[in-house]
Amino acid sequence: HRRARRVTTDTLVQRSKALHLSARGYEYFNAVLINEVDEEGNNVELGGEFVLEPNEHFNNLSVNLSLSVVQVPTNMYNKDPAIVNGVYWSEALNKVFVDNFEKDPSLIWQYFGSAKGFFRQYPGVKWHPDEHGVIAFDCRNRKWYIQAATSPKDVVILVDVSGSMKGLRLTIARQTVSSILDTLGDDDFFNIIAYNQEIHYVEPCLNGTLVRADRNNKAHFREHLDKLFAKGIGLLGDALTEAFTILNDFNQTGHGSVCSQAIMLVTDGATQMYDDVFAKFNWPDRKVRIFPYLIGRESAFADNMKWMACANKGYFSQISTLADVQENVMRYLHVMSRPKVIDHEHDTVWTEAYMDSTGSIIKGPSLMTTVAMPVFSTKNETVSGILLGVVGTDIPLQELMKIIPKHLLGIHGYAFAITNNGYILTHPDLRPLVIHCLLNTLVPLP
């Protein structure tokens with residue numbers, strides 16, 4: 001049976017190569033489109049015949065052990081040149097994935113999350129959109145990607161709530177802030193300040209400090225975003241002063257990330273460059289990066305905001321519609337990854353335990369952790385290299401438990417593991433409590 005399957009998949013590999021070199025240009029196996037046909041019964045573009053067979057090792061899911069598939073977020077064009085180019089050179093990972101699995105049959109999912117947004121997963125498996133025809137998954141929002149791609153950071157988010165931000169602009173601003181929160185992980189610390197002629201902490205109880213960007217804190221701040229309303233004039237200079245003061249004071253305490261610092265500025269314009277504020281608080285060391293997000297289609301103040309970003313080692317983005325939010329927010333990650341790229345820090349990160357209901361060696365929902373590492377390009381044409389993405393693999397916690405030398409612990413001894421952020425990774429009394437199908441909610445029971 002295995003020999004027959006290998007012959008089938010090898011034939012498929014040859015067929016795929018022929019397809020890639022066809023007159024239509026380079027194509028790849030899109031995870032959503034594989035084995036899909038049009039009204040005439042022909043394979044859809046980026047689909048094609050893709051052999052899938054149930055595999056007990058992957059919880060009887062139908063997979064392909066010879067090829068990976070590529071998932072592209074719904075909000076991105078799956079034939080964008082940047083996507084296609086990245087998919088092309090990352091195709092070499094197929095052999096790496098297969099070799100890894102042959103060397104260590106206990107491996108399950110292996111994957112590469114690209115900085116461009118596409119996600120290459122092995123073994124190949126078909127993805128199914130939700131009832132709205134959407135796949136919201138973006139690898140760059142996942143904890144394993146964020147932790148591996150960027151250094152820990154302290155972030156202050158400034159939101160303009162002056163009168164000019166009424167209506168759609170305020171809606172886009174709220175979504176921008178929410179998307180920024182998506183990119184923060186447990187290693188990061190943050191606060192959100194709304195400003196007009198006064199400074200308003202979104203959560204007044206957290207005045208003048210930063211909090212860890214864990215799931216509960218981010219959800220709490222999101223609830224307060226809906227309470228923002230626009231009125232008055234915007235005094236950006238006062239807001240910047242407050243942000244710099246918080247970051248400096250918090251850093252002096254030795255708390256927080258004690259690493260990178262950034263100010264995210266969400267506004268529809270800046271009437272001046274505020275170089276006096278930067279000269280006082282940030283120059284010449286420029287320890288705090290500035291990331292301005294210009295809300296709206298008008299570009300009258302774009303030059304001022306671009307200057308702020310360039311003068312403070314940041315990045316400028318303009319967001320005109322709600323559809324532009326996620327992709328524009330993601331761009332700051334490229335900048336924040338530069339210290340790791342320059343120092344060639346291939347740090348391995350381990351995520352907290354989470355529930356996974358598919359693809360596990362254990363039947364049914366099981367506890368998992370993800371191990372991930374950044375991937376850099378150091379070609380000659382780049383001065384210091386660039387972040388290409390993050391590679392990772394899932395590990396069932398039961399596999400970790402197997403390597404514990406229980407015979408050395410004694411009859412009353414047991415082993416447990418805690419992450420650097422204080423989350424219990426493995427413990428004899430850690431059991432998942434599933435509520436309303438929220439498979440990522442973990443409650444350790446006594």
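**Exercise 1. Which residues of β11 lie on one side and which on the other, and are they buried or exposed?**

*Solution.* Keep in mind that you are working with a predicted model.

Step 1: Sort the residues by side. V288, I290, P292 and L294 lie on one side of β11, and R289, F291, Y293 and I295 lie on the other.

Step 2: Apply the cut-off for buried, which is under 20% relative accessible area. Every residue in both groups is buried, and both faces of β11 are covered.

Step 3: Draw the conclusion. Strand β11 (residues 288-295) has eight of its eight residues buried, so the rest of the structure largely encloses it.

**Exercise 2. Find the strands that pair with β11 in the parallel sense, and trace the chain between them.**

*Solution.* Step 1: Take strand β10 (residues 260-267). Seven bridges link β10 and β11 in the parallel sense, and M264 sits opposite F291 of β11.

Step 1: Together with helix α8 (residues 275-281), β10 and β11 make a β-α-β unit that is right-handed.

Step 2: Turn to strand β12 (residues 317-319). Three bridges join β12 to β11, again in the parallel sense, and L294 has Q318 in β12 as its bridge partner.

Step 3: Follow the chain onward. β11, helix α9 (residues 302-311) and β12 also make a right-handed β-α-β unit.

**Exercise 3. Work out how β7 is enclosed, and which strands it pairs with.**

*Solution.* Step 1: Look at burial. In strand β7 (residues 189-195), seven of the seven residues are buried, so this strand is largely enclosed by the rest of the structure.

Step 1: Find the parallel partner. Strand β6 (residues 153-160) runs parallel to β7, with seven bridges between them. Here D154 stands opposite F189. Between β6 and β7 the chain passes through helix α5 (residues 168-182), in a right-handed β-α-β crossover.

Step 2: Find the antiparallel partners. Strand β9 (residues 211-212) is joined to β7 by two bridges, and R212 in β9 is the bridge partner of F189. Strand β8 (residues 199-201) runs antiparallel to β7 with three bridges, and H200 in β8 is the bridge partner of A194.

Methods: Residues are numbered from 1 along each chain as its sequence is written. This is a predicted model: local features need pLDDT of at least 70, side-chain atom pairs count only at pLDDT 80 or more; totals for chains, interfaces and linings use all residues. Side-chain values use heavy atoms; hydrogens and water are left out. Buried means under 20% relative accessible area, exposed over 50%, partly exposed in between (1.4 Å probe, protein chains only). Helices (H or I, at least four residues) and strands (E, at least two) are DSSP runs, numbered from the N terminus. Two strands pair if DSSP finds at least two bridges between them. A crossover is right-handed if, with the strands pointing away from the viewer, the path from the first strand over the helix to the second runs clockwise.
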